[in-house]
Amino acid sequence: MWFATHDGLNMYDGTRITIYKNQDSDSTSISDNIIRKVYCAPGGDLWVGTGKGLSYYDNVKDCFRNFLTEEKEVTGIVEAGDGRLMIAAGGKIMFFDTSAWKWETGHNIGQMESVDATILFRRDENIWIGTRQ
C-alpha cells in the first residue's frame with residue numbers, strides 16, 4: 001500500500017513501512033516530499049504527483065525518475081490512452097508520453113487550458129476533471 005503525505009511517500013509491504021523522501025544530492029530520489037497524488041497505472045507502473053512535478057517509481061531499481069514542470073504541483077494523474085498520461089498541474093491540463101519519457105507540447109485543448117483543474121478521475125472511457133470553480 002502506498003500513502004501520500006506532506007513528508008514523503010510511504011510504502012507498507014505488510015510488515016514494515018518504507019519512507020521515500022527527496023534527497024537534494026540524489027537525482028534518483030523522489031522529486032519532492034510533498035506528495036499530492038499516487039497513481040498506479042493499469043500495467044502496474046507507479047506515478048507520483050509531487051509539489052515539483054511528476055515522479056515514476058522503478059520498483060526493480062527501487063528509485064525514481066523525475067519530470068519537473070513549470071506548473072510545479074501535480075494534483076491529478078489518469079491514463080489517457082496510447083501510452084499517455086493526462087496530468088493536472090498548476091491548474092492546467094498537460095500530457096506526458098510514457099514511452100518517450102517526456103512532456104508533450106503543442107496540444108490544442110482550447111478552453112481546457114484555463115479550467116483550473118485540480119483532480120482527474122477516470123471511469124471506463126470518461127475522464128472527469130475537478131476544478132476549483
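Biologist: Which residue in E7 does Gly 53 stand opposite?

Modeller: Quick caveats: this is a predicted model, where local features need pLDDT of at least 70, side-chain atom pairs count only at pLDDT 80 or more, and totals for chains, interfaces and linings use all residues. Residues are numbered from 1 along each chain as its sequence is written, and side-chain values use heavy atoms, with hydrogens and water left out. Strands here are DSSP runs of at least two residues, numbered from the N terminus, and two of them pair if DSSP finds at least two bridges between them. E6 (residues 53-58) runs antiparallel to E7 (residues 63-68) with 6 bridges, and the residue opposite Gly 53 is Leu 68.

Biologist: Which residue in the turn between E6 and E7 has a positive phi?

Modeller: E6 and E7 make a hairpin with 4 residues between them. The one with a phi of about 55° is Asp 62.

Biologist: And on the E5 side, which residue of E6 is opposite Val 48?

Modeller: E5 (residues 46-50) is antiparallel to E6, joined by 4 bridges. A hairpin of 2 residues links E5 to E6. Opposite Val 48 sits Ser 55.

Biologist: Why does Thr 69 count as buried?

Modeller: Thr 69 lies in the loop between E7 and E8 (74-81). Its contacts (heavy atoms within 4.5 Å) include Lys 52, Gly 53, Met 94 and Trp 103, leaving out residues up to four places away in sequence. Buried means under 20% relative accessible area with a 1.4 Å probe, protein chains only. Thr 69 counts as buried because its relative accessibility is 10%.

Notes
Buried means under 20% relative accessible area, exposed over 50%, partly exposed in between (1.4 Å probe, protein chains only).
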